[in-house]
Amino acid sequence: MKVSQLKKNLFFLMIFLSSVAMSYAQQTGLKGKIVDASSNENLAQVLITIEGTLVSATTGALGEFDFGGVQLPLGEQIAVMSKDGYVTKRYPIVINEGSVLDLGTLGLVYDLNQEEVQIGTISLSDNELSEGDDNGSFNVSGLLQASRDVFLSAAAFDFSATFFRPRGLNSENGKVLINGIEMNKLFNGRPQWNNWGGLNDMQRNQEFTMGISANDYTFGDLSGTTNIVMRASQYREGGRVSYSASNRTYTGRVMGSYNSGLNADGFAYSVLLSRRFGDEGYVDGTLYDAYSIFASVEKKFNDKHSLNFTSFYTPNRRGRSSSGITNEMFRLKGRRYNPHWGYQDGEKRNSRVREIEEPVLMLNHYWNITEKTTLNTNVSFQTGKIGNSRIESRGTTLGTTSDGQQYVFGDASNPAPDYFRNLPSFFLQDTNPTIEDFGNAFLAEQDFINNGQYDWNSLYQANISNANQGFNSTYILYEDRTDDTQWSFNSILNSQITDNIAINAALNYRTLNSENFANVLDLLGGTGFLDVNAFAEDENGNFNIDLAQNNLSTPNRIVREGDRFRYNFEIDASVASAFAQAQFKYNKVDFYLGGNVSQTNYQRTGLYNNGRFQGAESLGKSEKLDFTNYGAKAGITYKINGRNLLDVHGAYFTKAPTVRSSFTNSRETNDVVDDLQSEKVNSIDASYIYRSPIIKARLTGYFTEFNDRTDISFFFTNGLGSFVQEILTDIDERRVGAEFGLEAQVTPTIKLKAVASVGQYTYQNNPGIEITSDDPRLEAIFDQLPDLKANLKNYHISGGPERAYQLGIEYRDPDFWWVGLTANHFSNAYIDISPLTRSDAFPLNLSDSGGVVAYSDYDPEVAKELLRQEQLDSYVLINAVGGKSWKLGDYYIGMFAGINNLLDETYRTGGYEQSRNADYRTALEEGQRDTPLFGTRYFFGNGINYFVNLSLRF
């Protein structure tokens, strides 16, 4: 199309849209401006409604609102003005036909009670979300500011500690933006909340979009979208200092922040410093050591252009808790047991420490092109490291047999205190244990009860003894390290075409270089460590020194502190996407249409020539992975009347697999998952919403399907006698259920609430399963079993309770103090099952030297019982919250306290089967034991725990 013709078409389009706008124009009008009553600052996003009608408007950046183009009811009316954090005001007005009523400038009063609710809400994010990026079990990121919806509020405050996931969705199913820039990691798709942990005062300006509904910045995802606005001019002028105490993940937090507000020269700045600390949280040995620094400065050049710079740096170290404990460990040590720590020189030292240092720099340009069209352009730079430490044990040096074969020798027993050989059950494996077996079991039990932790002194002594004999370390402390450097660019356009039509569009680009390697942290008294794989064997089961080399370019290398070893590779990734959306708002119906398209690329570059995957299999660049994805969504809200609404949303979109799910074993090889493809998602939800001055309620039904998902797990299996990679492909999942929330203001001071979530989350097919390993014998076995299936259909997907209920009461005194109490019931939680155990290989004897054959004693009915999925017990948690606020001149003092699990209930939030018994014979033997040797590992919730915050605002 010629440019001239395009201009003509655009001209006629504008004429048409203008005529549409004029058709809605009315002679009768209502306008005004809303400011903060104490500071006189303009208030944006204030909702103004005409009580009892569907008519509403929202203030813009200058605090102004105008009902132009809306048909207003005539006569005496009530204008209701509301905004989170402020006391809702009701103004009587009279609307006369043919005249515009100008209310002038109106002030809203800051709500001191809401102030403390926000303190408690954001403080919760530190405590309840701190583990979220480790296990992906929590997904309440945006819910922390969704206090207007009683169901979402319950999910954020009371349900999160149980691994509850709204609609059964993971954290990668939600988007987190800061100043419009997506913060989800490309590696696994999850937001890394620790990157902005401790910046509580600077997270108060949040815009949450529920589910897949319309969002002004991005296409979004099923769990919703949160945009955290960290813009200097948008913070309330003044300062705050606060101190918090808790027994959850840290014991203390001190924080100070100050916001200048926008001065006469157009400058604004905001700063924050905070410190979180604790020798251990509720779980034993979980140290917490974190600092947070924030600075933002903005220059408003004129009414059209503003430039904002934001930076934050939140280095943190956290001792990690156990990755689940068995019933045997729980019986002997209790729910606080954490095997990762031990005493060294009288101090607790955790072997599993997670350290994160990833500063973020952002530059944001805001352009008000016209009164109704804005363009926001952003660039972000993030770099730094994530390290997860652990103990490594290995033979100390190389030896040579009489026939010239080299081998690794030295005492390299597993030092982990929860290693199965250290437990009483290990000594009672036989069907008829002897007196000696019982004696050894008793001694193991007493040692586990009295000790059961890492013996750091013995590790040092072993290494020092080796050094005195000229040998290397048997044990070292190392970290799995990721050093990421990422650039992000985007541009977001918002335009109010008419009073009824708005257009949103965005272009995004992200590029990542990720270095991944193992790094020696501490030789533990030794002088060096041998960088070979002591378990590398050839097809005949013999140790092979060439296969054992982690890097053939530096054979038999001795590494020391600060050296990279074991594996070393880079990942380059990039994502380019475009998003467009149109929103239509009318008196009876609102609806929207949106779509997106994206291009994703991954490539691995191996820096080590691995002995098990030599040459191009591990060294150099892998094939380049390319994924083109697209999506569409739509929604409609039908306003039956001023109190009853129907709301429906639907979406279909595809998502590229994450980096984690794309390579079979990225640490060692360039090998890509076979037939890798994008995930397909389709979802619909429908809600009935009721709103009155006394009752607010929502009932929602939802249906979501995922198709062609890919998942990779890494573990050791006894039946196969090797470390393996389990690759599931073409996974189909379904999540269906209902949500209900009701809130009743029964008196001016008493509020009652009821919440319910009922769902069912299941696998819908038998996905393909591939087992890979660096053991050539195992590879040969599975080559005889092509097209394996994991029989998962109708099994439940683990991840918290499928059913959750709440009854609550809240009292808010006019003298600015409040208390609340909730009773919460949880049920229908299932443990995570082992796909390999449920594969077609389960009935087969894979270790038989005569080839792959079925077990002669295989009984399908017995197998069915062995493979029954365990459902966890239901439980009830009682939680209490409360707060008090005081105003002393220009100062506000606030106190907030929350106590969870008041009755000190012992409960299991989740668990997973160990895959060490992956065939019928070993599973049968395990099932016949009184105490399984490799029993299910469970996660236990905290007992009674608290959080207290005291703040001063000025």
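**Local features of the predicted model**

Asn901 is buried, at a relative accessible area of 2%, where buried stands for under 20%, exposed for over 50% and partly exposed for the range in between (1.4 Å probe, protein chains only). The structure is a predicted model, in which local features need pLDDT of at least 70 and side-chain atom pairs count only at pLDDT 80 or more, while totals for chains, interfaces and linings use all residues. Residues are numbered from 1 along each chain as its sequence is written, and side-chain values use heavy atoms, with hydrogens and water left out.

Asn901 sits in the loop between strand 44 (891-900) and strand 45 (908-912); strands here are DSSP runs (E, at least two residues) and helices likewise (H or I, at least four), numbered from the N terminus. Most residues other than glycine have a negative phi. Asn901, however, has a positive phi near 55°. A positive phi, of about 50°, also occurs at Asn556, found in the loop between strand 27 (529-530) and strand 28 (558-559). Asn556 is partly exposed, with 30% relative accessibility.

Turning to the aromatic residues, a search of the whole structure gives 32 aromatic pairs. Rings of Phe, Tyr and Trp (its six-membered ring) pair if their centres lie within 6.5 Å, and planes under 30 degrees apart are stacked, over 60 edge-to-face and the rest tilted. One of the pairs, Phe163 with Phe939, is tilted, at 5.7 Å centre to centre and 50° between the planes. Because Phe163 belongs to the loop between helix 4 (150-159) and strand 8 (175-178) and Phe939 to strand 46 (residues 937-940), this pair ties together parts 776 residues apart in sequence. Phe163 is buried at 12% relative accessible area, whereas Phe939 is partly exposed at 24%. The pair of Tyr419 and Phe420 is edge-to-face, since the ring centres are 4.9 Å apart and the planes stand at 65°. Here Tyr419 is partly exposed at 23%, and Phe420 is buried at 11%. Ring pairs also join Phe159, Phe164, Phe826, Tyr875 and Tyr907 into a cluster.

Strand 8 also holds Val176, a residue buried at 1% relative accessibility.
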